Amino acid sequence: MRPEFLNMLAKEAIFSGAKEIDMVINIGLLKSGEYEKVQEDIAAVVKAAAGKCVKVILENAYLSDEEKIKGCQLSEAAGADYVKTSTGYAPTGATLDDIRLMKAAVSSKVKIKSAGGVRTLDAIIDYLDAGISRTGATTTAQIIDDFVAKFGS
């Protein structure tokens with residue numbers, strides 16, 4: 001029943017004007033080795049998104065490296081556009097080691113987004129070098145000010 005419910009929620013979000021969908025991977029299923037069910041969940045959202053961008057949040061703070069790799073692989077197999085480190089609300093957020101691990105786990109078709117803990121321009125530059133395409137940051141105004149000071153407008 002879960003894939004159908006996720007499909008319905010994603011369709012409703014798209015109908016209401018969403019241009020992108022973020023979903024959190026089912027951590028319990030992933031940790032239990034129920035990989036087919038995890039992939040079915042993601043695929044249901046991808047299908048409902050009808051070509052809109054789908055980002056799968058792994059919530060890395062709760063996963064082993066092996067589970068992070070598997071989560072990335074399942075996300076790609078299900079057709080997700082991005083894998084994302086965290087919601088930003090877990091005990092820890094993005095790490096450079098996680099970005100490198102995630103980048104190595106997917107093909108170039110899947111992009112990486114960092115979230116949680118990336119708060120400075122220098123950190124964003126480091127994360128870009130490690131392989132992200134996007135980041136989530138709560139200090140955007142300061143980062144932009146630092147960019148302008150460092151590189152000009």
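Modeller: The expected span of a helix is 1.5 Å times one less than its number of residues. The model discussed here is predicted.

Colleague: What distance does helix H1 reach from its first C-alpha to its last?

Modeller: Helix H1 takes in residues 2-15, which is 14 residues. At 1.5 Å a residue, 20 Å is expected. The distance reached from the first C-alpha to the last is close to that, at 20 Å.

Colleague: How wide an arc around the axis do the buried residues of H1 cover?

Modeller: The buried residues of H1 are Pro3, Leu6, Asn7, Ala10 and Ile14. An α-helix has 3.6 residues a turn, so residues three or four places apart point the same way.

Colleague: What covers the buried residues of H1?

Modeller: Pro3 is among the buried residues of H1. The C-alpha atoms of proline 3 and glutamate 40 are 37 residues apart along the chain but separated by 6.3 Å, and glutamate 40 is found in helix H3. The cover over the buried residues of H1 includes H3 and S1.

Colleague: Is alanine 13 buried, partly exposed or exposed?

Modeller: Alanine 13 lies in helix H1. Apart from neighbours within four places in sequence, alanine 13 is in contact with Ala18 and Ile21. Buried means under 20% relative accessible area, and exposed means over 50%. Alanine 13 has 27% relative accessibility, so alanine 13 counts as partly exposed.

Colleague: How far apart in space are alanine 13 and alanine 48, C-alpha to C-alpha?

Modeller: Alanine 13 belongs to helix H1. Along the sequence, alanine 13 and alanine 48 are 35 residues apart. In space, their C-alpha to C-alpha distance is 9.4 Å.

Colleague: Which residue of S4 stands opposite valine 83?

Modeller: Strand S3 (residues 82-84) and strand S4 (residues 111-115) are parallel and pair over three bridges. Tyrosine 82 has lysine 111 of S4 opposite. Opposite valine 83 stands isoleucine 112.

Colleague: How many of the five residues of S4 are buried?

Modeller: S4 is joined to S5 by three parallel bridges, with alanine 115 opposite glycine 136 in S5. S4 is mostly covered, and its buried residues number four.

Colleague: Which hand does the crossover from S4 to S5 have?

Modeller: S3, helix H5 (residues 96-105) and S4 form a right-handed β-α-β unit. From S4 the chain passes through helix H6 (residues 121-130) to S5. This β-α-β crossover is right-handed.

Colleague: Is aspartate 98 buried or exposed?

Modeller: Aspartate 98 is found in helix H5. Leaving out neighbours within four places in sequence, its contacts are Asn60, Asp65 and Lys68. With a relative accessible area of 7%, aspartate 98 is buried.

Colleague: Where does alanine 50 lie?

Modeller: Most residues other than glycine have a negative phi. Alanine 50 is not a glycine, yet its phi is positive, about 50 degrees. Its relative accessibility is 65%, so alanine 50 counts as exposed. Alanine 50 lies in the loop between H3 and S2.

Colleague: What is the relative accessible area of glutamate 59?

Modeller: Glutamate 59 is another residue other than glycine with a positive phi, near 60 degrees. Its place is the loop between S2 and helix H4 (65-77). Glutamate 59 is buried, because its relative accessible area is 7%.

Colleague: Which residue with a positive phi follows H1?

Modeller: The phi in question is near 110 degrees. The residue is glycine 17.

Notes
Residues numbered from 1 in each chain as written. Predicted model: local features only at pLDDT ≥ 70, side-chain atom pairs only at ≥ 80, totals over all residues. Heavy atoms only, no water. Pairing = 2+ DSSP bridges. Helix = DSSP H or I, 4+ residues; strand = E, 2+ residues; numbered from the N terminus. Buried < 20%, exposed > 50% of the residue type's maximum accessible area, 1.4 Å probe, protein only. Right-handed = clockwise from strand over helix to strand, strands pointing away. Contact = heavy atoms within 4.5 Å.
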